[in-house]
Amino acid sequence: SYLTGGTVEFSVDFPDSTSGYEYRILVSPKGMGPSHFGVDIPLNGGQVTENSYYGIYPVPTYSDMHGTLDANGDGAASITLPPIFHSNILGTYYFAAIARPVAGVPEFSSIAVRIYVLP
């Protein structure tokens, strides 16, 4: 299959009280959960989800998939699927954002967003 590629932009919006917290965008190809890690996270766990927690994503091009929330508890991230000639990333992926104090466990989670990667 040939994918034309594209960019998905995430707008992260947690309460103002999370100013200075770390945010991370997690990904799962296994569907929605919940999994419990500090809070209920609406993703099925697994290796891909664990890898995304540590900043390892199933596609090579991403930006700010983890960072620090601003004074309003906001952040932004994007993931880009470049034009490719193989199909190992085709399918459905689920994304959710978490917020946690620096070096703490997650205290907040977003809802899950489903994204289809089609040929």
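**The loop and its surroundings**

Threonine 18 is found in the loop between strand S1 (6-13) and strand S2 (22-28). Strands are DSSP runs of E of at least two residues, numbered from the N terminus. This is a predicted model, so local features need pLDDT of at least 70, side-chain atom pairs count only at pLDDT 80 or more, and totals for chains, interfaces and linings use all residues. Residues are numbered from 1 along each chain as its sequence is written, and side-chain values use heavy atoms, with hydrogens and water left out.

Threonine 18 has 0% relative accessibility and counts as buried (under 20% relative accessible area; exposed is over 50%, partly exposed in between; 1.4 Å probe, protein chains only). The threonine 18 side chain reaches the backbone oxygen of proline 15 at 2.6 Å. Beyond its neighbours within four places in sequence, threonine 18 is in contact with Leu69, Gly73 and Phe108 (heavy atoms within 4.5 Å).

Now the rings. There are 3 aromatic pairs (Phe, Tyr or Trp rings, the six-membered one for Trp, with centres within 6.5 Å; planes under 30 degrees apart are stacked, over 60 edge-to-face, the rest tilted). One is phenylalanine 10 with phenylalanine 95, tilted, at 5.2 Å centre to centre and 50° between the planes. Phenylalanine 10 lies in strand S1 and phenylalanine 95 in strand S8 (residues 91-100), so this pair ties together parts 85 residues apart in sequence. Phenylalanine 10 is buried at 13%, and phenylalanine 95 is buried at 7%.

Phenylalanine 14 and phenylalanine 108 are also tilted, with centres 6.2 Å apart and planes at 55°. Phenylalanine 14 lies in the loop between S1 and S2 and phenylalanine 108 in strand S9 (residues 108-109), so the pair ties together parts 94 residues apart in sequence. Phenylalanine 14 is buried at 8%, whereas phenylalanine 108 is partly exposed at 27%.

How values were computed:
Helix = DSSP H or I, 4+ residues; strand = E, 2+ residues; numbered from the N terminus. Polar contact = N/O pair within 3.5 Å; in protein donor to acceptor, adjacent residues only side chain to side chain.
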